[in-house]
Amino acid sequence: MSTSTVTQPVKPSATFDSLTPISTHKAHDFETELGYVRVSDDGIALGPSTWGKTDHEEDRDQLVPVTIHDVRPRQEAFSLDKNGFQIVKHRTVMNKDDYLDDENIKKTYYPDLEQMIKAALGASVVKVYHHLLRHSSSPNPEGSVTLTRPFYKVHVDSTPNGVIQTIKHFLGPQADTLLQKRYAMINAWRPLKPVYKDPLTYLDASTVSDEAFIPRELNMPDGRPSLKSTAVNVGEGHMWYYLYGQNVDEVALVRCWDSKDGVAKRCPHSAARDPATEDLEDRESIEARCLVFWEE
């Protein structure tokens with residue numbers, strides 16, 4: 001993967017010397033804790049996750065110390081097929097205020113993103129079917145399914161069977177034909193302004209075993225049916241990454257499942273608290289879930 005020269009982001013409005021401007025960037029790694037699932041002796045999650053409860057829940061999650069490594073000096077070394085995540089340069093037609101209109105997002109941002117993913121990944125069909133806005137100070141994180149806070153739990157957005165069911169639900173009569181191709185679910189994550197606080201972090205798929213993935217219910221608000229997601233059990237050798245100062249023209253593609261063998265099939269991820277940036281401006285971001293198909 002190749003990327004063009006990184007655009008200089010707006011410098012954070014804070015007096016913090018170690019926030020290095022990207023033009024002279026050195027890796028900004030940091031230490032934090034992430035919420036892994038607690039499991040029974042039989043390897044079963046000790047309870048569901050709850051929509052809007054974005055921090056760890058002590059009876060069912062455990063905080064684990066980790067080091068988060070900055071990929072900015074070497075982001076070209078990471079790819080969806082090898083690591084489960086990839087940074088793609090893409091200048092959208094959307095301005096920040098455009099994301100206030102849900103219908104405008106669907107009408108304008110969805111097709112814009114679909115074309116980018118086709119070009120970046122060589123896909124034949126891309127369908128964006130859902131989006132979610134996140135804000136570090138969202139006033140109603142438990143009651144809204146389109147605006148919530150960053151999610152500080154290690155997870156994957158679906159399950160292998162859940163991806164199949166999503167394809168059947170959103171693509172109807174085309175689904176059976178498309179499921180004969182290589183298919184994937186990808187989360188396309190974009191900041192709405194440069195992000196220093198609560199960045200999205202990625203667990204390198206090549207460092208996590210299949211046994212670490214734990215099916216888990218996600219309880220939804222307002223009587224909505226629960227969803228199927230995947231939690232992650234703590235393990236040795238997990239390597240965590242993020243993109244320091246990610247700006248609006250840098251999209252993180254994070255794989256939730258891929259039907260092809262021999263590639264990174266899913267990438268756990270989580271928001272993370274960097275102690276050095278907790279007093280900076282709130283994170284604002286949009287993530288769009290995409291169904292992707294290839295002629296292979």
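Reader: Which residues touch the most other members of the largest nonpolar core?

Author: In soluble globular proteins, nonpolar side chains tend to be buried together. A nonpolar core is a set of buried Ala, Val, Leu, Ile, Met, Phe, Trp, Tyr and Cys residues joined through side-chain atoms within 4.5 Å, where buried means under 20% relative accessible area (1.4 Å probe, protein chains only). Here the largest such core has 32 residues, and Leu-34, Tyr-36, Ile-167, Val-232 and Trp-240 touch the most other members. Apart from it lies another core, of 26 residues, with Ile-105 and Cys-290 among them. The model is predicted, so local features need pLDDT of at least 70 and side-chain atom pairs pLDDT 80 or more, while totals for chains, interfaces and linings use all residues. Residues are numbered from 1 along each chain as its sequence is written, and side-chain values use heavy atoms, without hydrogens and water.

Reader: How many disulfides does the structure hold?

Author: A disulfide is a covalent bond between the sulfur atoms of two cysteines; the criterion is a pair of cysteine sulfur atoms within 2.5 Å. The structure holds 0 disulfides. For Cys-256, the closest cysteine sulfur, in Cys-267, is 8.7 Å away, too far for a bond. For Cys-290, the closest is that of Cys-256, at 9.0 Å, again too far. Cys-256 is buried at 1% relative accessibility, and Cys-290 is buried at 0%.

Reader: What is the phi of Asp-198?

Author: Most residues other than glycine have a negative phi. Asp-198 has a positive phi of about 55°, although it is not a glycine. Asp-198 is buried, with a relative accessible area of 1%.

Notes:
Buried < 20%, exposed > 50% of the residue type's maximum accessible area, 1.4 Å probe, protein only.
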